[in-house]
Structures are given as structure tokens and as C-alpha cells.
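Hi,

Here is the structure I promised to pass on. Have a look, and my notes follow below.

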Amino acid sequence: DGEVHINELKNGNAEMFWNPTSEVRRQRLKRHIVLFEEQTDFESERLWQHVTSAINKGDQHKATQEKFVLEEEQRNAARERRENGTEWKPLLFRHDATTNEWHYKYEDVRPWDPLNDIAQFEKNGILHTMERHLSTGMSNHKTTCINNQITRHKRSAKDCRRRKTSDQPSNHSQNTESSCSTPESVQELSDDDGKYLGFESLCAQCGKEMNHLKEIHSAVLSLQRAQQDIHR
């Protein structure tokens, strides 16, 4: 949060390395913290509140005492479990017997995809990644909906051509606009949205999902612009 300088000991020169100007502060990503009164007893901010308070006041002795109290409570709890024969089953970590190390169960080590990944957040200790792509179930539903539209569209076009053939209109009537028009080939049509497919709109569920995707797309563009500004 403050200025950082690089000091060259040989010649005594100092160089500005980092300066969090007001402009930089405005471009920071917002940090969201769970309200203190809504936190559980083992949330870090609540659990370590007395240690944090002592550190902020510059009271190292008090901070050490409060830290000792927390650690002693943990030791006593572990001792009671051993005496009662209670097995400790961590909710968020697993033990690797080979390396004798603990690993977070829900770690996500894949590279961040700025085109697909929107945000990452933690809920009840579990990391979640909000993505742009539709879920498999929603994708299958949308595909089924579109296929049904295409089938009805083809059937309508086929019936229209059959009526044209059976009616056998005269030469002058062939120049007039027909009550049925032959649709474009399906391959040439876009399947991004029902309104671009040339036939009736998609079902309510698909329409709601499309609106949701548009909102997400706008959010992604905003994030990308912010990232570009930060890189500059």
C-alpha cells in the first residue's frame, strides 16, 4: 500500500520501484469479505481476532499470549480425541501417506482461461470457478430445442413445396409472392440464438439462459478492459 524503493548500496542511489497512486488504487479489484457477525467460530478473521488486534496495537507480548491460547486449545482438543478414540476426518484436506503431507481437496491448478473463466470464489471452504460455458445439461437441452425447431422448419418447408406442386399455379401467379417461402439451408444458419435461426424463438428456459450469457459476456468484457488497463 506504500511506496517501494530499490536502494543500491554501492553508490547510494534509490530508485522508485512501486508507487500505488490514487489511479492505481481505483483500478484495484474489489475484495469481498464475509461480514464478521456472519462468520463461524473457525473463520480466520474471527478465530485470530485477538491476535490481530494486539499486532495492530504493536503489543507483541499480548499477541504471543493470544496465539498460545489458540494453540493450546487445539492441543487439548486433539488430546481429547485420542483419549475418546475419535477419528479426525478433515472436510477440506486429505493426507498423502507417501509424502506425509496434507493437500487441499478442492485445489484447482489448471491455468486460468480468460476467455472462459470469469471469477473464482470460496464458499464453505470450497473453491468454485464461474465459467462462461453452459453446463452439459443446459447444452444438451438447448441442442434438443434447436433440433426440434429445425425438424418443424423442414417439415413446414416440405408441406409448402407439396402444396405448390399440387396447386400448379398459372404463369402470372408464379411471379407473385407465395404464401410459403423456402427456408435457407440449415447449414447456413447460425445456432447461437433462436432469433437468428429463421424460425420461432427458443423455449423459455433457453431464452433465460441466453439472457444470462449476455450478462456474463458483458461482465467478461469489463474485466478484460480492466486487465488491459492494469497491464498498461
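In what follows, a charge sits over a ring if NZ of Lys or CZ of Arg is within 6 Å of the ring centre and within 35 degrees of the ring normal. R46 does this with F36, lying over its face at 4.5 Å from the ring centre.

Some housekeeping: this is a predicted model, where local features need pLDDT of at least 70, side-chain atom pairs count only at pLDDT 80 or more, and totals for chains, interfaces and linings use all residues. Residues are numbered from 1 along each chain as its sequence is written, and side-chain values use heavy atoms, with hydrogens and water left out.

On to the aromatics. Rings of Phe, Tyr and Trp (its six-membered ring) pair if their centres lie within 6.5 Å; planes under 30 degrees apart count as stacked, over 60 as edge-to-face and the rest as tilted. The count is two aromatic pairs. Y104 and Y106 have ring centres 5.9 Å apart and planes at 70°, so they are edge-to-face. Y104 is buried, at 17% relative accessibility, while Y106 is partly exposed at 35% (buried means under 20% relative accessible area, exposed over 50%, partly exposed in between; 1.4 Å probe, protein chains only).

I6 stands opposite E15 in β2.

Cheers

Note on methods:
Two strands pair if DSSP finds at least two bridges between them. Helices (H or I, at least four residues) and strands (E, at least two) are DSSP runs, numbered from the N terminus.
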